[in-house]
Amino acid sequence: MSTLNKRERTGAGLAGGSVLLVGGSVAASSMLGGYPVLGGQAVRYLAAGLVLAACARLQHKPLPRPAGREWAWLAALAVIGLAGCSVLMIQATRAADPASVGVIIGAAPLVIIIAAAITARRRPTGRVLLAAAVVTAGSAAAQLGGATGPAFSAAGLAWSAGALAGVAGTSLLAAPVLPRLGALAVTVYACGLAGLLLLAAAAVARSAGGPPILATPTPAQLAALAYLTIAVTALVFIAWYAALERLGVDRTGLFNGLIPVTSLAAVALTGTGAITPLGLLGALSVLAGVILGLSRAPQATAGTVNQAGQRPQPSAETTPISPHSRPAPAHSAMTGTTPHKAAA
């Protein structure tokens, strides 16, 4: 196995940092009990999108405008990967023990690899598929080894399965638009669309006699919303999509297996749980699976670009998504067709 190059090491660092921030969201989310879910999440995404757009403007970084089918991909990403995932995750943790929810979410790497392979009409490589299985098993062990153990209800299982689809969709639905738009633009547009969708849903629910759209937050709730907005939304999505550009969907998806493990650690640090021997073994298994999935066979010409601007076709497991390269037309990881490029 060859070592990671500089670009891949950067991607691994970005993905790992993202997971650490997401793991800290467990404590933050626990502070939002009683706060309106739809309105609160709408504010989270709208604020994150506005902050990132303002930062881009201050740094004189133009945001490419989506065109054609890119709007459809961004809308799907906003509905499933952002709005849907966050709401379903909150509902899942209310209906089931967080450790039990983590068992389901831990299967995200396997779901991502299989889904990406099916949509691209190829078989996942044995090494990456094995790594995904190891990550999933380790993640489940880390959660099953928690102090409370699994405690599923029918509702909790259904909400968790929906959240799993959202976690997978966060990567899979962003893949087709990242090459041209880049991580920053994808995050800004997806957050804006998700926020508007959630705000509309909150208004409809309120008109039907549901909870208020927003409420005055307590200091603890305000701090939690600020953390979810800045750290878990703005920073995490930028870093995660930048990792996707460098590692590709398959290998970046492996890091999802670390989310339940980091959540378990956050629970232990806050004093609401403890790390057991089985949990520690699961965490080490996840780490081993991620390392296995990130490793690759030597490819002498994988990083070269000839004078015609064409890149030699790498293996499916290591194909990066880069907005900076201009390779010959290649199959999209999601659609099996050439990614859309706007006319100059």
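In this predicted model, the side chains of Asp 250 and Arg 122 form a salt bridge, with a nitrogen-to-oxygen distance of 3.3 Å. The two partners come from distant parts of the chain, 128 residues apart: Asp 250 belongs to helix 10, while Arg 122 sits in the loop between helix 6 (108–119) and helix 7 (126–144). Their surroundings can be stated for each residue. Asp 250 has a relative accessibility of 4% and therefore counts as buried, the cut-off being under 20%. Arg 122, at a relative accessible area of 24%, is partly exposed.

Asp 250 also takes part in the packing of helix 10 against helix 6. On the helix 10 side, Val 249, Asp 250 and Gly 253 meet Pro 109, Ile 112, Ile 113 and Ala 116 of helix 6. The axes of these two helices come within 7 Å and cross at roughly 125°. An angle over 145 degrees would count as roughly antiparallel and one of 65 to 115 as roughly perpendicular, so helix 6 is oblique to helix 10.

Glu 8 and Arg 251 meet through their side chains at 2.8 Å, N to O. Because Glu 8 lies in helix 1 (residues 6–23) and Arg 251 in helix 10 (residues 219–253), this pair ties together parts that are 243 residues apart in sequence. Both Glu 8 and Arg 251 are buried.

A further salt bridge joins the side chains of Glu 70 and Arg 180, at 2.7 Å from N to O. This one links helix 4 (residues 69–95), which contains Glu 70, to helix 9, which contains Arg 180, across 110 residues of sequence. Glu 70 counts as buried because its relative accessibility is 2%. Arg 180 is partly exposed, with a relative accessible area of 25%.

From helix 3, the contact is made by Gly 40, Arg 44, Tyr 45, Ala 47, Ala 48, Val 51 and Leu 52. The residues of helix 10 that make this contact include Leu 225, Leu 228, Ile 230, Val 232, Phe 237 and Ile 238.

These helices belong to a protein with twelve helices and zero strands. Of its 344 residues, 46% count as buried. Among contacts between residues at least 6 apart in sequence, 86% join residues at least 24 apart.

The mean pLDDT of the protein is 80, and 80% of its residues reach 70 or more. Confidence is highest in helix 9 (residues 178–207), at a mean of 96, and lowest in helix 2 (residues 25–30), at 73. Over residues 298–344 the pLDDT is below 50, although this stretch has 82 contacts in the model beyond near neighbours in sequence. Where pLDDT is low, the predicted coordinates should not be read in detail.

Key
Residues numbered from 1 in each chain as written. Heavy atoms only, no water. pLDDT = per-residue confidence, 0-100. Helix = DSSP H or I, 4+ residues; strand = E, 2+ residues; numbered from the N terminus. Contact = heavy atoms within 4.5 Å. Salt bridge = Lys/Arg side-chain N within 4 Å of Asp/Glu carboxyl O. Buried < 20%, exposed > 50% of the residue type's maximum accessible area, 1.4 Å probe, protein only. Axes fitted to C-alpha atoms, helices over the stretch in contact; angles between N-to-C directions. Parallel < 35°, antiparallel > 145°, perpendicular 65-115°, else oblique.
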